[in-house]
Amino acid sequence: MDCSICSSMPTILRPPRNTICGSCFEGAKTVISLVKELETDRGNEVINLVSLPNSSNKGQPLENVPKWINNMKETEEELNEKIKFLSGFISLFREQILTDIQLKPGNGGPSISTHKAILAARSEIFKTMLDSDSCKAPANDTITIPELNNEELESLLEFLYTGILPLEKLEKHVYSLTIAADKYEIPFLLKFCDRHLNRSLNSSNALDVLEISDVCSNKVLKENALNFIVKNLEDIVFSTKYETFVTKNPHLAVHVTRAFLMDVKSRRRNENYIV
């Protein structure tokens with residue numbers, strides 16, 4: 001069938017041959033559904049930039065798509081400019097200008113000079129600590145961060161100043177940064193790490209993700225990790241890593257066993273129902 005959208009010569013098509021193929025039809029429905037979904041989400045300021053077709057243009061729901069795309073592109077550019085503007089604080093940190101407090105890593109490495117205002121703005125725990133009378137002192141005051149070594153602490157500070165981390169640093173320090181984000185109440189960093197852990201979940205790191213989710217009481221991440229482990233149980237359980245994991249986390253090993261049995265029970269029930 002000739003398609004008036006993806007055909008090599010759509011201009012020669014005339015009614016009643018102005019039809020579209022199945023792929024283009026499904027694609028058009030997807031675009032329309034996406035625009036409607038974004039428009040109805042009134043909680044997001046960014047996606048309310050374009051009005052969906054109203055009574056005056058009913059029947060032509062794709063006409064607004066180019067405008068919507070252009071507005072989203074402009075919004076992305078504005079957000080990038082805002083990020084660049086707010087990231088200007090990092091130059092003060094890197095050049096050690098007007099620093100007024102030091103953070104000391106737990107491995108005994110050298111202290112890192114930073115700014116109280118940044119710490120207080122990013123973390124409720126740091127804000128409480130710095131606002132107390134005992135911490136209102138000269139610029140050589142020091143706070144020890146026992147959970148992090150020097151390299152991890154530098155990555156934490158880089159995130160606090162910029163709101164982002166290079167992928168190689170995130171992959172290397174995601175577990176320690178998750179613990180720090182949970183302990184010092186840094187919600188944005190916690191979500192940042194959580195997204196990465198969910199996206200990168202695989203057979204080699206599933207046990208680590210399960211362990212960190214338990215430490216941070218992250219129920220959603222824990223459920224995702226358990227589900228993944230159950231689906232890949234043979235690869236994970238027969239690894240040497242699992243033996244160490246069970247010794248260190250017997251309660252989580254119980255959770256894995258229970259999740260597996262519940263999965264078996266559910267599959268059997270579904271099989272019986274189908275039969």
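Predicted model: local features only at pLDDT ≥ 70, side-chain atom pairs only at ≥ 80, totals over all residues.

Trainee: What share of the contacts with a separation of 6 or more is between residues 24 or more positions apart?

Mentor: A contact here needs heavy atoms within 4.5 Å. Among the contacts in the chain with a separation of 6 or more, the share from residues 24 or more positions apart is 51%.

Trainee: What span should helix α8 have, and how far apart are its end C-alpha atoms?

Mentor: Helix α8 covers residues 187-199, which is 13 residues. The expected span is 1.5 Å times one less than the number of residues. That gives 18 Å for α8, and this agrees with the distance between its end C-alpha atoms, 18 Å.

Trainee: Which residues of α8 are buried, and what arc do they cover?

Mentor: Buried means a relative accessible area under 20%. In α8 the buried residues are L189, F192, C193, H196 and L197. They lie on the same side of the helix, because the arc they cover around the axis is only 130°.

Trainee: Which helices do the buried residues of α8 pack against?

Mentor: The residues in question include F192 and H196, both buried in α8. The buried residues of α8 have as packing partners α6, α7 (167-183), α9 and α10 (219-231).

Trainee: Is L177 buried or exposed, and which residues does it touch?

Mentor: L177 is in helix α7. It counts as buried because its relative accessibility is 0%. Not counting residues up to four places away in sequence, L177 touches E152, S155, L156, L165, L189 and C193.

Trainee: Is T178 buried or exposed, and what does it touch?

Mentor: T178 is also a residue of helix α7. With a relative accessibility of 5%, T178 counts as buried. Leaving out residues up to four places away in sequence, T178 touches L190, C193, L197, I212 and C216.

Trainee: Which residues is A206 in contact with, and is it buried or exposed?

Mentor: A206 belongs to helix α9, residues 206-215. Its relative accessible area is 0%, so A206 is buried. A separation of 26 residues along the chain lies between A206 and N232, whose C-alpha atoms are 9.6 Å apart. Apart from neighbours within four places in sequence, A206 is in contact with L201, A225, F228, I229 and I236.

Trainee: What does S213 touch, and is it buried or exposed?

Mentor: S213 lies in helix α9. Its relative accessibility is 1%, so S213 counts as buried. Not counting residues up to four places away in sequence, S213 touches N218, L221 and K222.

Trainee: Where does S217 lie, and what is its phi?

Mentor: S217 is in the loop between α9 and α10. It counts as exposed because its relative accessibility is 61%. S217 is not a glycine, yet its phi is positive, at about 55°.

Trainee: Where is L98 found, and what is its phi?

Mentor: L98 sits in the loop between α3 (89-94) and β1 (101-105). At 71% relative accessibility, L98 counts as exposed. Although L98 is not a glycine, its phi is positive, at about 60°.

Trainee: What volume does the largest pocket have, and which residues are closest to its centre?

Mentor: The volume of the largest pocket is about 480 Å³. It is lined by 14 residues, and the closest to its centre are I83, L86, T162, G163 and F188.

Trainee: Which elements give two or more residues to the lining of the largest pocket?

Mentor: By class, the lining of the largest pocket has nine nonpolar, three polar and two charged residues. The elements that give two or more residues to this lining are α2 (65-86), α4 (116-122) and α6 (150-162).

Terms used. Residues numbered from 1 in each chain as written. Heavy atoms only, no water. Helix = DSSP H or I, 4+ residues; strand = E, 2+ residues; numbered from the N terminus. Buried < 20%, exposed > 50% of the residue type's maximum accessible area, 1.4 Å probe, protein only. 1 Å grid on protein atoms, 1.4 Å probe; cavity = no way out; pocket = protein on both sides within 12 Å on 5 of 7 lines; lining within 4 Å. Points joined across faces, edges and corners; volume = space filled by probe spheres on them. Nonpolar A, V, L, I, M, F, W, Y, C, P; charged D, E, K, R; others polar. Arc of directions from axis to C-beta.
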